[in-house]
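Q: I have just opened this model and would like to learn how to read it. Could you walk me through a few features?

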Amino acid sequence: MAGRKDIIVKQSIPQHLRYSFEDFLRQFPDNDACLEHIKEQRWPNGITYCEKCKADKKHHRVTDRTAYACETCGWHIYPLAGTILEKTTTSLRTWFYAMYLMGSTRCGISAKQIQRETSVTYKTAWRMFKQIRSLLAEEIQLEGPAEMDETYFGGRLHVGKGGRKRLANKTRIAGMVERKGKIVAKTATETGNNQLMSLATEYILPDSTVYTDEYAAYDKLSKATKDGKPMGYQHRRIHHASKIYVMGDIHTNTVEGFWSLLKRGIGGVYHAVSQKYLQTYLDEYTFRYNRRDQGNLIFKSILEQVSQRAVD
Ligand SMILES: [Zn+2]
């Protein structure tokens, strides 16, 4: 975990949103500090219900264990119980560092980097990222004006007779984004166009204006219904086939900007992402995108998910 010069902290980030690697080292000098942090997130000041005393009690750290004990009866509670860190044999600090890295980049960090910078194996690093990503899915409702677009991802290159190349098994992704707001990106693996329409009605609020390109899948947007109720979308289209990309406020540049961010990141860092895991990568990228005004504090948001998504 030596100095990290390759993470460029943009100086345009306002002071209150900065969180440098030095800040990280200061706040989390060791595993105890990490455990204490999770305990405080779940049970501020160590006060929580004690099953034995049948009352709220203060709890104190038990030396050399990941437990805290009730100050009255000594019953143990475990801050990591029900979290992704519950059964880990990797140090908490390495986990926190992985979350720090994930929150400090726009384009994603590979498991290889964690492997290089800490003592964990590639397999362990890969599993850590997978589990952290599992915390980042969120349910969001978008309010118009919104853009919707689809793109294709992955797939293997097949070389046919005569050297003709084609990509097979590509995965379709649908993106819906508020202009200057939040984004939702979902894999849309069903063939045909119905899934795109049901994603629109699930995530874009009624009466929104929705901008798309001329793709026929969006023909029904202005007539879209959910539970039998009309969504009342105002549908505006840009004709990319005619090489027109912007006409007044009609364009899909916001969602396309996200596609290029995603492709730069996954293409460059992860190399190949299987269809099975693609949604979790989309969750990671949208989580960051939706907090792009939080500077380096995205790390804190990721960290919060550990205790917030603990299962009791
Ligand atoms: Zn007690």
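Q: Which hand does the crossing of helix 2 and helix 9 have?
A: In this predicted model, helix 2 and helix 9 cross in a right-handed way. The residues that make the contact are His-37, Ile-38, Gln-41 and Arg-42 on helix 2, with Leu-303, Glu-304, Val-306 and Ser-307 on helix 9. Sorted by class, they are 3 nonpolar, 3 polar and 2 charged residues.

Q: At what angle do helix 2 and helix 9 pack?
A: Angles of 65 to 115 degrees count as roughly perpendicular. Helix 2 (residues 31–42) and helix 9 (residues 298–308) pack at about 65°, their axes 9 Å apart, and are therefore roughly perpendicular to each other.

Q: Now for the metal: which residues are the protein donors of the zinc ion?
A: They are Cys-50, Cys-53, Cys-70 and Cys-73, each through its SG atom, lying 2.3 Å from the zinc ion. Along the chain, the donors follow the spacing C-x2-C-x16-C-x2-C. Cys-50 in strand 1 and Cys-70 in strand 3 are 20 residues apart, so this pair links distant parts of the chain.

Q: What geometry does the site of the zinc ion have?
A: For four tetrahedral donors, the ideal angle at a metal is 109.5 degrees. Here the angles among the 4 donor atoms are 102 to 113°, and the site is tetrahedral.

Technical notes:
Residues numbered from 1 in each chain as written. Predicted model: local features only at pLDDT ≥ 70, side-chain atom pairs only at ≥ 80, totals over all residues. Heavy atoms only, no water. Axes fitted to C-alpha atoms, helices over the stretch in contact; angles between N-to-C directions. Helix = DSSP H or I, 4+ residues; strand = E, 2+ residues; numbered from the N terminus. Parallel < 35°, antiparallel > 145°, perpendicular 65-115°, else oblique. Left-handed = near helix turned anticlockwise from the far one by under 90°. Contact = heavy atoms within 4.5 Å. Nonpolar A, V, L, I, M, F, W, Y, C, P; charged D, E, K, R; others polar. Donors = N, O, S within 2.8 Å, 3.2 Å for Na, K, Ca; no water. Tetrahedral: all angles 85-135°; square planar, octahedral: opposite > 155°, others 65-115°.
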